[in-house]
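Student: I am new to this structure. Please show it to me and let me ask how its descriptions are reached.

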Amino acid sequence: MKRMLKYAILTAGAAVFAYPFLWMLAGSLKPEMEITSLNLLSGNFSLQSYAQVLLKIPIGRAFLNSVIVSATNTASVVLFGSMVGYALAKLRFLGNKTLYMLILFTMTIPFQIVLIPQYILMVKLGWTDTYLALVAPTMMSAFSIILFRQFFMAIPQALVDAARIDGCTEVMILFRIIWPLSRPVIITVALLTFMSNWNEVLWPMMVVREQTLMTMPQLITIFTTGGQAETQLGYLLAAATLLSLPVIIAYTFFQRYFIESMASSGLKG
Amino acid sequence: MTGLKEIFLRARTSDRGAYWFILPYVVFFCAFVAYPLIFSIVLLFHRWNIVTPMEWIGMKNFGRLIGDALFYRSLLNTLTFLVIHIPLQAAVALTLALLLNTVVRGRGLFRALYFLPVVVSGVAVTILWQQLYSFDYGVLNNMLHAVGLPSVPWLVDPHVAMPSIAIMATWKNVGIYVVLFLVGLQNIPRELYEAASLDGASPFKQFLHVTLPMLNPAIVVIVVLSTIGGFSLFIEPYVLTGGGPMQSTLSGMLYIYNQAFSFGHMGYAATLGFVYALVILGVVLLQRRVIESETSS
């Protein structure tokens, strides 16, 4: 009896999280008149709203922009993050401690303070309305450097020393020996970086005005607030579905990685 | 002198190539962290719209901020958000985690469903909730009608709009904290409960004196991250309400954005950002101190 009650509450909770998404999907397929109904099914499902959204805004291009920006940043954050993390964990050099403290300090700065100056820097460099503005300021991240450093600290120094005696350069040690041992942290950093870039909207709203350069969340925000959607619910829901679908599909396959990465970032952050 | 000698020695024993590993980050740090930080200080004392030359105005940005009703309004709005969001999120996450911790079947599936909104773009979630919250035809009001209750003016009443956004944010983020609490619960040694029940502690007392103190690290995380999130609130009011009705959902970040991009007040926007950053640091430090002293006593 008690167990039944527990499952009843848990299921009700699951419905609260899942139903709105199902309603969104159903609404994007229904004719305008039926959307507001609570019923998820309809005899009149069609792709009409999607066709209209694709016609009104260059969403394919925006998808491509999002992929380009997120993938570039992810590759860069993993590459440079692991390089600095390796130097901090395994290399002796003057200023090692100082650099570590500096990176920790960077993590405590609220982004509100640097946002406007960073935007002005983009204007001065002439990078607004280019990919550079979307990529450059997030090419490296203090948080991922720290994650890499913590992970590399646990790898035995003897392994590094042995490789050196065998004549490996530091670059070879990092990419041939350390990287293969570091899959968990690489996956975590890559996933967190990709997700935060994919969902980022404030920064693109500041540095991009040109429609062909907009990432997906930005384009859809402008579509929603700028009147292009003509207050057609179906269009809005279709746009929102297009925005969330790639992530939901990835999530259903790699759910465990998503949960572990994001929860661990919460614990450490 | 010994200091200098030591530095010299350490420089000599450096690993070859170490500086190449850190060089990209040092360049990045100078360009995108140090320079903006220094420039933010410069901006504090200037009036500037980027197009015309900068104009030195001394402390006028601060003077303006002190008399700016909208600044206080945005602080108050953020406070309203946090006062609802943090306890609600902690309570829901703890309840779901406690239930999940006692069941075996389907735990993974439930966890995955609770976590789903976390990964979805905030823009998509906001567009979705705009429809759920709609006064005339929204799903939530339709549900209320179905059980004979009156409509709630979710986004149109100045007293209700910010709480509505806080509920939406809770729905979006609570999955992270369910997982965090679940990890915390599983790390509590069974012996603690056994010892407590031997001493005759009721399940409720066990919860109060064993479970809650052991979950303290997760509680610190939930409070601090939700606070930072509350101060960063932007796209939700931007899409849902544009800061209205009657500025009741004007968040700090939205106000900075408006000052910079609607009015071209770069100096004043930077000043707002600076002061907000100080407020955030202050609040987070205070929260840590309070929570840590609560548990040590």
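**Reading chain B and its aromatic rings**

Tutor: Chain B has 14 helices and two strands, where helices (H or I, at least four residues) and strands (E, at least two) are DSSP runs numbered from the N terminus. This is a predicted model, in which local features need pLDDT of at least 70, side-chain atom pairs count only at pLDDT 80 or more, and totals for chains, interfaces and linings use all residues. Residues are numbered from 1 along each chain as its sequence is written, chains are lettered from A and ligands numbered from 1 in the order in which they are written, and side-chain values use heavy atoms, with hydrogens and water left out.

Student: Why is the pair F194(A) and W198(A) called stacked?

Tutor: Rings of Phe, Tyr and Trp (its six-membered ring) pair if their centres lie within 6.5 Å; planes under 30 degrees apart count as stacked, over 60 as edge-to-face and the rest as tilted. By this rule there are 31 aromatic pairs over all chains. For F194(A) and W198(A) the centres are 5.9 Å apart and the planes are at 15 degrees, so the pair is stacked.

Student: Is W198(A) buried or exposed?

Tutor: Buried means under 20% relative accessible area, exposed over 50%, and partly exposed in between (1.4 Å probe, protein chains only). W198(A) has 4% relative accessibility, so W198(A) counts as buried. F194(A), with a relative accessible area of 29%, is partly exposed. In chain B, 50% of the 297 residues count as buried.

Student: What makes L23(B) partly exposed?

Tutor: Its relative accessibility is 41%, and therefore L23(B) counts as partly exposed. L23(B) lies in helix α2 (residues 18–44) of chain B.

Student: How many residues apart along the chain are L23(B) and I222(B)?

Tutor: They are 199 residues apart along the chain, and their C-alpha atoms are separated by 36 Å.
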